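Please open the structure below in your viewer and keep the selection tool at hand. The tour goes from stop to stop, saying what to select and what is there.

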Amino acid sequence: MKLSQFRFKLPDELVALYPPHREFKTEDGNIERVFNRDQSRLMVIHRKRQVIDIFKKDPDGNDTDQFLTFRDLVDYFDEGDTFVFNDTKVFPARLFGTKEKTDAQIEVFLLRELNEELRLWDVLVEPARKIRIGNKLFFEEDGPMVAEVIDNTTSRGRTLRFLYDCEHEEFKRELFSLGSAPLPHYIIDRREVEPEDMENFQTIFAKNEGAVTAPATGLHFSRQLMKMMEIRGFNFAYLTVHCGLGCFESIEVEDLTKHKMSSEQMIIDEECCRRVNEAKQAGHRVCTVGVSTTRAAESSVGTDGMLKPFDGWTNKFIFPPYDFGLANAMIANFYHPESTMMMLTAAFGGYDIVYEGYLQAVKYGYQFGCFGDAMLILDD
């Protein structure tokens, strides 16, 4: 397929800057927000019937004027169905340092730790033109956190050695205390980072630290919703994909077969495989939650349709047409035009019906992006 086939007009006001919430004005005129993860809208696509559900139904099966909400997804599944989640944990990856001598402010975006003993980190810097090998960056006016640039990796990439003498866990705590939530630029270019963002940009089941962006679809799940799903007899399985920035990289080629995805670390253990495979063998639905989870599953599914343990990296790029081997249901967010996430969603649901769903989402004012609304795709 071609890049231009994933182009559509996305108005700025449809990009969600916050999770679903209610706003209140306090007596002093400030705005307070009460966040409700599971109160986003939900669109349901039935890929075989080529039907899109947007509104709740009345007892006779006719559309009402009420939009489906995310909590309504429980009505589309049965006891024994299994949901596969990404339990990666986002760390506060965005820091701001000061360059020695010039006092220029430099944004440092932590990507991953390269060497624990030597305190080496792979990072991105902005503005990159000001940062060269040998430069030192200070992260507190009078504090001990200092880093030295020891290598150039890409145009914006650098390797930093942090000059901080203490136990590793103390170093990590101090480093992360200086950071903030690594929200995408389509959010931070339009508002300031706020204290609540780190919690809101983390799934409630986050466990294994290593992501620099959230597995966004998982953000919709609240503790109340998970309990409701548990009571209904749904099963949960967890794998780990440390989400990187590759999903935000612009595709520079019209022919999608020529695009190369950045690699992400993923881990699928025996317990995850057991839960998923037992559900498949029993004829239950397997629903992957988010594109990172779906991509990981497709990187590790066998020719027999069963999930296999995996510990490594994947750079699998999925776009239509693609024959999925594991899941028969998927939940995704609404993503930006020409994004790899939109392409994987279209591959799972079918290009025509998913693209139509996107056009309907714009028409009805759905919210897009990591804090936006959700799409459920079913194989019926």
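Select α6 and α7: α6 passes α7 in a left-handed crossing, a term used if the near helix is turned anticlockwise from the far one by less than a right angle, whereas clockwise makes it right-handed. This is a predicted model, in which local features need pLDDT of at least 70, side-chain atom pairs count only at pLDDT 80 or more, and totals for chains, interfaces and linings use all residues. Residues are numbered from 1 along each chain as its sequence is written, and side-chain values use heavy atoms, with hydrogens and water left out. Helices (H or I, at least four residues) and strands (E, at least two) are DSSP runs, numbered from the N terminus.

Helix α6 covers residues 291-300 and helix α7 residues 340-349; they pack at an angle of about 60 degrees, and their axes are 10 Å apart. Axes here are lines fitted to C-alpha atoms, for helices over the stretch in contact, and angles run from 0 to 180 degrees between N-to-C directions.

Now show side chains. Which residues of α6 meet α7? They are Val 291, Thr 294 and Arg 295, and their counterparts in α7 are Met 341, Leu 344 and Thr 345. Contact means heavy atoms within 4.5 Å. An α-helix has 3.6 residues a turn, so residues three or four places apart point the same way.

**Ser 300 in α6**

Stay with α6 and select Ser 300, which is found in this helix. Is Ser 300 buried or exposed? Ser 300 counts as buried because its relative accessibility is 5%; buried means under 20% relative accessible area, exposed over 50%, and partly exposed in between (1.4 Å probe, protein chains only). Leaving aside residues up to four places away in sequence, Ser 300 touches several residues, including Met 266, Ile 268, Leu 307 and Phe 310. Select Asp 311 as well: it is eleven residues from Ser 300 along the chain, and their C-alpha atoms are separated by 9.6 Å.

**The open sheet**

Next, select the nine strands of the open sheet, in the order β4-β3-β21-β20-β18-β7-β16-β17-β19, where the pairing is mixed. Two strands pair if DSSP finds at least two bridges between them. The edge strands, β4 and β19 (310-314), each pair on one side only. On average, neighbouring strands of this sheet are turned by 20 degrees against each other, direction ignored.

At one end, strand β17 (residues 264-268) pairs with β19 in the antiparallel sense over five bridges. Look for Gln 265, whose bridge partner in β19 is Trp 313.

**Helix α8**

Select residues 351-363. Helix α8 has 13 residues and reaches 18 Å from its first C-alpha to its last, close to the 18 Å expected at 1.5 Å a residue; the expected span is 1.5 Å times one less than the number of residues. Among its buried residues are Tyr 351, Val 354 and Tyr 358. Their cover includes β3 (42-46), β20 (329-333) and α7. Just after α8, Gly 365 takes a positive phi of about 75 degrees.

**The barrel**

Move to the closed barrel of six strands, β9-β10-β11-β14-β13-β12, which has antiparallel pairing. Its neighbouring strands are turned by 45 degrees against each other on average, direction ignored. Select Val 123 and Arg 158, which are bridge partners. Helix α1 (residues 168-177) lies across β9, β10, β11 and β14.

**Backbone exceptions**

Most residues other than glycine have a negative phi, and most peptide bonds are trans. Select Glu 126 and Pro 127: a cis peptide bond joins them, with omega about 0 degrees. Pro 320 and Pro 321 are also joined by a cis peptide bond, with omega about -10 degrees.

Finish at Gln 50, in the loop between β3 and β4. Gln 50 is not a glycine, yet has a positive phi of about 60 degrees, and it is partly exposed at 43% relative accessible area.
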